[in-house]
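These are my notebook entries on one model. I went through charged pairs, rings and an interface in turn.

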Amino acid sequence: MEQVFYTLQDFMVHTKAVVYVLMGLWLIAVIGFWRFLTSRDDD
Amino acid sequence: MSISRRKFLGWIGAAGLATTVGCRAEAAGKHFTGYPGSGGVLHDATLCIGCRVCEAACNEVNNLPEPEKPFKDQAVLENRRRTDAKAYTIVNKYEAGRDAGKPLFRKNQCNHCLEPACASACFVEAFTKTPSGAVVYDPSVCVGCRYCMIACPFEIPAYEYDNATTPVVQKCTMCHPRLQKGKLPGCVEKCPTESLAYGERKDLIRIARERIRKHPERYVDHIYGEHEMGGTSWLYLSGVPFTQVGLREDLGVTPAPQLTKGALGAVPMVVGLWPVFLTGVWAMSKRKEKIASEEQQDAVTAAIELANGEAAEKLAAAMEKAEKDKETAIEKEVKKAVEEAEKAWEEKAASAGEEPDAGAQDEEEES
Amino acid sequence: MSDHAATDSKSYLTTFNVIAGIIVIFGLIATIMRFTGGLGAVTNLSDYNPWGIWIGFDLLCGVALAAGGYVTSAACYIFGMKRFHSAVRPAILTGFLGYSLVFLALLYDVGRPFRLVLAYPFVVQQGTSSLLFEVGLCVALYLNVLFLEFCPAALEWLGIRKLRDILVKITMVLTIFGVVLSTLHQSSLGALYLIAPAKLHPLWYSQYIPVYFFVSSVIAGLSMVLFESTLAHKYFHHKMDETHLGESDGLTMGFGKAAAIVLAGYFTIKVIGIAADNNWHHLATGWGAWYLVELIGFIALPCFLFAMGVRDGNLKLIRYTAAWTVLGIIVNRLNVSVIAFNYHLPAADRYFPHFWEIVTSVFIVTVGILAYRFIVNNMPVLYEHPEYKEEH
């Protein structure tokens, strides 16, 4: 179901909340991914 | 040449503008038109007589503290006033316009923006644009940062600076609780001249247009609040330019959330790509360091080898020299011994006088 | 016996301590007044001017001048300039103290400080459309990052090796995280003013203001490290080890060079900002004259002086220029937040700080200096702890 936004303000609050969650997930994930990427490096 | 250049720049500009506008529409996904059927108030300043009855009504319905001077006192109109924590609305007197000498009045209060700057600015979302049109404030979450007051282009929100423990932001609520009960806002209800009218915003705009069309001599051809800051629920009509009755006409038509959208949009890009870039730089500098240290290691090893080689040569040379020295020393010693032996033999021979050669031969072999 | 006591008390009664003591007493009086009488009792804040010097100086300048932490650690760990290693700890310490004091100042400034402590914006209701939300989130996280970055020094002092080693291991993650957070909140502090185009003078209001704030924070960080190291050399010389003293001149040259080129870029984007908004005509006004003082006197001039200092190897000139640049950053932040803000209002409605507001700001800075002195005197900041020397 698509949420209806009547104001740009409500749209911003909603979309930015989602974006903040994604940013948090990325910041945690990037550490893990870097370790995965470099764990077989010889140094 | 100059024309073609101008044309060229024009195209560039147009392309840029189109891109920007296009981006805006794209990014938003849709055009926001506000809550359907939301209400508002039309304030016709040409009908305002400065009686301050609205102020009194506002004070009463909102249970605000008694003012220092009674609402009947017209003398307060001599000073320019603004909304504060104890007065959600005030009427100011302006000496301006075509009939100089005849004062003008304008009521001031929260304009209940369609896209409120206070709501956009608030970091606890204490402000809400309700479907009724009112912008309401929730004091139970307010931290008291007062960013809403910085953001408001109409300088409406006021703060309880003298409250040490539980200060709150104060502003007109468009009588939201009364609207919920089907009543009119306090000020509108009590206005004796129909200078204030509550209704659906769409209708109010139509009414205002009609008044301007019918009485072009009476009004400036502008409904203040129709587009200002993306539009407000409170609308104004005036007989003089709005700047002369204390409403800024340089605010523009950009809704407040649009002003910060670009900066907010850059945030996730920084979060997404900065770690990538920085890790890359770090990896490169680390690699450089590794190569440098390897090169250094190689250099050190080579130096050691070189040094070792030299040392061996030196040692060999020293050994050789020592050998030689030893030989010379032996020869010397032998010579000395021979000389001594010869001397001794000569002495012996001198004393004995017989077989000198055989004795010398023997001595030499023994040493 | 009494003689010994006398010399002891005498050694504490230095001019510095007496002045600091008086400031602290005044600060405590201001604190009591603030939390019993409300903001109105100690500030000149009004409904027109909701933000005074506690925001303009303590928050904006505090955060900008604490940028040395991320600038230095990024230069050393990310960009691999290991020769600046001895500067990292003092810079992190200044950063950590700076941000702590910003938080302290905010407790004075906001109306309901307890709700700030309880993290209402993040826990209770998230105003994600606000740039202040972003600033708050980043500052809160970065304060923690700085705390963790500083911890090794404290743990070496306390002799807790295990925990210290874990923290040293995640230095890289903390540094990168710190740079990301700093980029965001340094720029967002400028972006706070994007929502008020009608109130901030057009010469200072620009769509580029977040970029200006970020770039000038780098300048502030570089200059502040130089300025602080100048002071530290004067007063804490005895605390510095061979490495620190040896790297100091190279650091001054390197940071001076960096500051010069960043200032040149900053100057350029400031001029581009004028062109982008077609604000040239404002330059001919009184505001324009003041803007040019900032642009020429506090950006172009130090840029040139840094370059001269670097070319001639004139360390003294670089150090004086750094102090001047720090002053320039303060001027810029006050321009945006107080001086050119509400430029449209009549003089009677403009803001000028209250006596107790200034006292509180001075008090907070003094608390910072005292904390710095205590930490530098006790913990391995300006020198390497002998037991941990071998590791880098």
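Entry 1: I looked up B:Arg206 and found it exposed, at a relative accessible area of 54%. The model is predicted, so I read this as a computed value for a predicted structure. B:Arg206 forms a salt bridge with B:Asp203, with 3.3 Å between the closest N and O atoms. B:Asp203 is partly exposed, at 28% relative accessibility. Both residues lie in helix α7 (residues 201–214) of chain B, 3 residues apart, so about one helical turn separates them.

**Entry 2: other salt bridges.** I noted a count of 19 salt bridges over all chains. In one of them the side chains of B:Glu55 and B:Arg81 meet at 2.7 Å, N to O. B:Glu55 is in helix α2 (residues 53–61) of chain B, while B:Arg81 is in the loop between α2 and β2 (90–94), so the pair ties together parts 26 residues apart in sequence.

In chain C I picked the salt bridge of C:Glu156 and C:Arg164, at 2.9 Å from N to O. Are these two partners buried or exposed? C:Glu156 is buried, with a relative accessible area of 3%, and C:Arg164 is buried at 5%. The pair belongs to one network, in which salt bridges with shared partners join C:Arg89, C:Glu156, C:Arg161, C:Arg164 and C:Asp165.

**Entry 3: rings.** The count of aromatic pairs over all chains is 31. I looked at C:Phe236 and C:Tyr372, an edge-to-face pair with 6.0 Å from centre to centre and 65° between the planes. The label edge-to-face applies because the planes are over 60 degrees apart. What does this pair tie together? C:Phe236 is in the loop between α12 (209–235) and α13 (242–276) of chain C and C:Tyr372 is in helix α16 (residues 355–378), so the pair links parts 136 residues apart in sequence. C:Phe236 is buried at a relative accessible area of 11%, and C:Tyr372 is buried at 12%.

I also noted a cluster that spans two chains: ring pairs link B:Tyr147 with C:Trp51, C:Tyr193 and C:Phe341. Two charges over rings went into the list. The charged end of B:Arg82 sits over the ring of C:Tyr48, 4.6 Å from its centre. The charged end of C:Lys270 sits over the ring of C:Tyr212, at 4.8 Å from the centre.

**Entry 4: a buried threonine.** C:Thr252 is in helix α13 of chain C and is buried, at 1% relative accessibility. Its side chain reaches the backbone oxygen of C:Ser248 at 2.9 Å. Beyond neighbours within four places in sequence, C:Thr252 is in contact with C:Leu226, C:Leu315, C:Ile318 and C:Arg319.

Entry 5: Chain A has 1 helix and 0 strands. Its C-alpha trace spans about 55 × 20 × 10 Å along the principal axes. Of its 43 residues, 28% count as buried.

I then took the contacts: 29 residues of chain B touch 19 residues of chain A. The two chains bury about 2100 Å² between them, 71% of it on carbon and sulfur atoms. On the chain B side, B:Phe32, B:Tyr35 and B:Val271 lose the most area, together 23% of what that side buries. How many salt bridges are there between chain B and chain A? The count is 0. Polar contacts come to 7 residue pairs, both residues at pLDDT 80 or more. In chain B, α1 (2–28), α3 (117–121) and α8 (256–352) each supply at least two residues to the side that touches chain A; α8(B) gives the most, with 15 residues.

Notes. Residues numbered from 1 in each chain as written. Chains lettered and ligands numbered in written order. Predicted model: local features only at pLDDT ≥ 70, side-chain atom pairs only at ≥ 80, totals over all residues. Heavy atoms only, no water. Phe/Tyr/Trp six-rings, centres within 6.5 Å; stacked < 30°, edge-to-face > 60°. Helix = DSSP H or I, 4+ residues; strand = E, 2+ residues; numbered from the N terminus. Buried < 20%, exposed > 50% of the residue type's maximum accessible area, 1.4 Å probe, protein only. Lys NZ or Arg CZ within 6 Å of the ring centre and 35° of its normal. Contact = heavy atoms within 4.5 Å. Buried area = accessible area lost by both parts, 1.4 Å probe. Salt bridge = Lys/Arg side-chain N within 4 Å of Asp/Glu carboxyl O. Polar contact = N/O pair within 3.5 Å; in protein donor to acceptor, adjacent residues only side chain to side chain.
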